[in-house]
Amino acid sequence: LNIRRKIGYLPETVPLYDEMKVKEYLKFIAQVRGLNKKKTKERMQEVISSCGVQEVLNKSIEELSKGYRQRVGLAQAILHDPEVLILDEPTTGLDPNQIIEIRNMIKRIGEEKTVIFSTHILGEVSATCNRILIINNGKIVGEGTPQELAEKAKTREVIYAKIKGYKEQVLSKLQEMKGVARVKVKDQEDDRIFGYEIEPEDDLNIDLREHLMRAIPHWGWSILEITKKEATLEEVFRELTK
């Protein structure tokens, strides 16, 4: 029980009492959590403001949209001011605007508390978390920052270049270029415009983009796009859970 008092929890399916009004429900949760009248008033004001439920305080929970139900669920989870907040798929089923609102709330809470955020939506992980654990078959297979995970998964950044020129000629020149480890065709726009992924050599301590910007026009072709692509969390996840 002492441990539970330090934890706030929001499951994927928010267990709310539909027949209650929002204000009534939050007061009930405060009673369940053992808050006195003064603390209840203080915490109610704080969570109502931070979770943005002022407009629906006197509405029945059954009338609320999915986004507001998530807000109320988050409010009950932090009402007793826990040290640790556990969230399970908190943005599932929300529209893009609601996702951004919930994500910002989680970030604000995370500035003061430990938030454990469980999800399969890796875009949410990238946008919300500063430390990641990847679990496969019940075992932790990756842990750390996105950069640390990329290094463990042995996924490296590549240069993406969209070049206007004959594919075989461009491939041949790129593969011969100093500092290039591997090249592959990524996509095609038309008969002469292709996108290439160019992987630099391991010990290269220069930015290969600068050399490409000089060499490709020198060879008589046009660069339509060039950018450095870091390994995505999806790629890291696939590599670590093979």
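This is a predicted model: local features need pLDDT of at least 70, side-chain atom pairs count only at pLDDT 80 or more; totals for chains, interfaces and linings use all residues.
Strand β8 (residues 193-200) is joined to β7 by seven bridges, and the two run antiparallel. One of the bridge pairs sets V180 against P200 in β8.

The loop between β8 and α9 contains N205. N205 counts as exposed because its relative accessibility is 72%, where the cut-off for exposed is over 50%. The C-alpha atom of N205 is separated by 34 Å from that of I121, and the two residues are 84 apart along the chain.

## E197 in strand β8

E197 lies in strand β8. With a relative accessible area of 12%, E197 is buried, since buried means under 20%. The side chain of E197 makes a polar contact of 3.2 Å with the side chain of K229.

Not counting residues up to four places away in sequence, E197 touches V158, I159, Y160, R182, V183, K184, K186 and K229.

## The three-stranded parallel sheet

A second open sheet has three strands in the order β1-β2-β3, with parallel pairing. The edge strands here are β1 and β3 (114-118), each pairing on one side only. The twist from one strand to the next averages 15°. Four bridges connect β1 and β2, which run parallel. Y9 has I86 in β2 as its bridge partner.

Two helices are placed against these strands. Helix α4 lies across β1 and β2 and runs at about 165° to β1. Helix α5 lies across β2 and β3, at about 145° to β3.

## Helix α4

Helix α4 (residues 66-78) has 13 residues, which at 1.5 Å a residue should span 18 Å.

The buried residues are G67, R69, Q70, R71, V72, G73, L74, A75, Q76, A77 and I78. They pack against β1 (7-10), α2 (22-32), α3 (37-50), β2 (84-88) and α5 (96-110).

## Nonpolar cores

The largest nonpolar core has 34 residues, and the members that touch the most others are V22, Y25 and L74. Each of α2, α3, α4, β2 and α5 supplies at least two residues of this core. Apart from it lies another core of 17 residues, including A161, L174, A215 and I216.

What is Y25 in contact with, leaving aside its neighbours within four places in sequence? Its contacts are P15, L16, Y17, M20, I61, V72 and Q76. Of these, V72 and Q76 are among the buried residues of α4.

Strands β4 (residues 132-136) and β5 (residues 139-144) pair in the antiparallel sense over five bridges. I132 is the bridge partner of G144 in β5, and N136 stands opposite K139 in β5.

The two strands form a hairpin with two residues between them. In the turn, N137 has a positive phi of about 55°.

## R5 in helix α1

R5 is found in helix α1 (residues 2-5). The side chains of R5 and N2 are joined by a polar contact of 2.7 Å. Beyond its neighbours within four places in sequence, R5 is in contact with R33 and H80.

R5 and E83 are 78 residues apart along the chain, and their C-alpha atoms are separated by 8.8 Å.

Conventions
Residues are numbered from 1 along each chain as its sequence is written. Side-chain values use heavy atoms; hydrogens and water are left out. Two strands pair if DSSP finds at least two bridges between them. Buried means under 20% relative accessible area, exposed over 50%, partly exposed in between (1.4 Å probe, protein chains only). A polar contact is a pair of N or O atoms within 3.5 Å; within protein, one must be able to donate a hydrogen and the other to accept it, and residues adjacent in sequence count only if both atoms are side-chain atoms. Contact means heavy atoms within 4.5 Å. The expected span of a helix is 1.5 Å times one less than its number of residues. A nonpolar core is a set of buried Ala, Val, Leu, Ile, Met, Phe, Trp, Tyr and Cys residues joined through side-chain atoms within 4.5 Å. Axes are lines fitted to C-alpha atoms, for helices over the stretch in contact, and angles run from 0 to 180 degrees between N-to-C directions.
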